[in-house]
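Here is a friendly walk through one protein model and its ligand. Have the viewer open as you read, and look up each residue as it comes along.

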Amino acid sequence: MKELRDAILEQGFGIGHDIVKVDMFLNHRLDIALLNHIGQAFHEAFADEQVDMILTIEASGIAAAITTAQAFGDLPVIFAKKSKTTSTMNNDVYEAKVYSFTHKTENYIRIAKSYLPSGVNVLIIDDFLANGEAAEGLAELVRQAGAHVAGIGVCIEKGFQAGGQKLRNEGYKVVSLATVTGIENGKLMLAGGEAQA
Ligand code: 5GP
């Protein structure tokens, strides 16, 4: 997606050899026009799939999940929570363990069982795909519910990490709208093509 690639090149930067910072439009400040186009691009990419709801993980996946849900005609969005707040969430949850690449910690992610019915077709949306831990955890929640993963859409795939290959090898339809192929002295290298399935 050219508009996203341009934003990454113009406003993003790399930290060390493996962290991509795009706080200017995706992870802190939100560029709503760009996010709307991201939602439309996911809708186009998954137009052949039956999609009943969108699943993401808090916090940075939520914006793109919302615009994708709108592009599909206002589908429901559910986001997995990273902390268990006893006041708002009882024990009737699906949960999966996820290793956080950015925080280097292991967390449980959870969703209330009542919001993910069995048999529904779920499109997983996230901001980044690195080692695939978040997407695998979300797919595990879908599996526990007896629902079906219609596909996995990520705004930015880090092609130099193993997640994309792993998920595709497992048979998931994975679509990334931009792929960072490497970081050199803070500069981001991007793959040239359109959405990579
Ligand atoms: P994975 O679970 O695929 O290893 O990593 C994806 C998750 O970690 C995403 O939910 C995203 O929030 C975060 N993440 C991984 N790599 C990066 C990165 O380079 N930059 C940012 N901002 N987040 C990342």
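## Two backbone spots to look at

Let's begin in the loop that runs between β5 (93–100) and β6 (105–112), where you will find Lys104. Please keep in mind that this is a predicted model. Lys104 is not a glycine, yet its phi is positive, at about 55°. Most residues other than glycine have a negative phi, and most peptide bonds are trans.

Glu58 and Ala59 are joined by a cis peptide bond, with omega at about 0°. To find the place, go to the loop between β3 (53–57) and α4 (62–71), which holds Ala59.

## Around the ligand

Now turn to the ligand. It has 16 residues around it, and the closest are Val20, Asp126, Gly132, Ala134 and Lys158. By type, the shell around the ligand is made up of 7 nonpolar, 4 polar and 5 charged residues.

Asp126 uses its side chain instead: one of its polar atoms is 2.8 Å from a ligand oxygen. With Gly132 the backbone takes part again, as a polar backbone atom lies 2.7 Å from an oxygen atom of the ligand. Taken alone, the ligand exposes 510 Å², and the protein buries 89% of that area.

The ligand takes up the space of the largest pocket. Of the elements, β7 provides the largest share, with 4 residues.

## A salt bridge between helices

How many salt bridges does the structure hold? There are 9. One of them is formed by the side chains of Glu136 and Lys166, at 3.6 Å from N to O. This pair links distant parts of the chain, since Glu136 belongs to helix α5 and Lys166 to helix α6 (residues 163–169), 30 residues apart. Side chains of opposite charge can pair when their charged atoms come close.

Technical notes:
Residues numbered from 1 in each chain as written. Predicted model: local features only at pLDDT ≥ 70, side-chain atom pairs only at ≥ 80, totals over all residues. Heavy atoms only, no water. Near = heavy atom within 4 Å. Polar contact = N/O pair within 3.5 Å; in protein donor to acceptor, adjacent residues only side chain to side chain. Areas by Shrake-Rupley, 256 points an atom, 1.4 Å probe, with all protein chains shown as cover. 1 Å grid on protein atoms, 1.4 Å probe; cavity = no way out; pocket = protein on both sides within 12 Å on 5 of 7 lines; lining within 4 Å. Sits in = over half its atoms within 2 Å of the grid points. Nonpolar A, V, L, I, M, F, W, Y, C, P; charged D, E, K, R; others polar. Salt bridge = Lys/Arg side-chain N within 4 Å of Asp/Glu carboxyl O.
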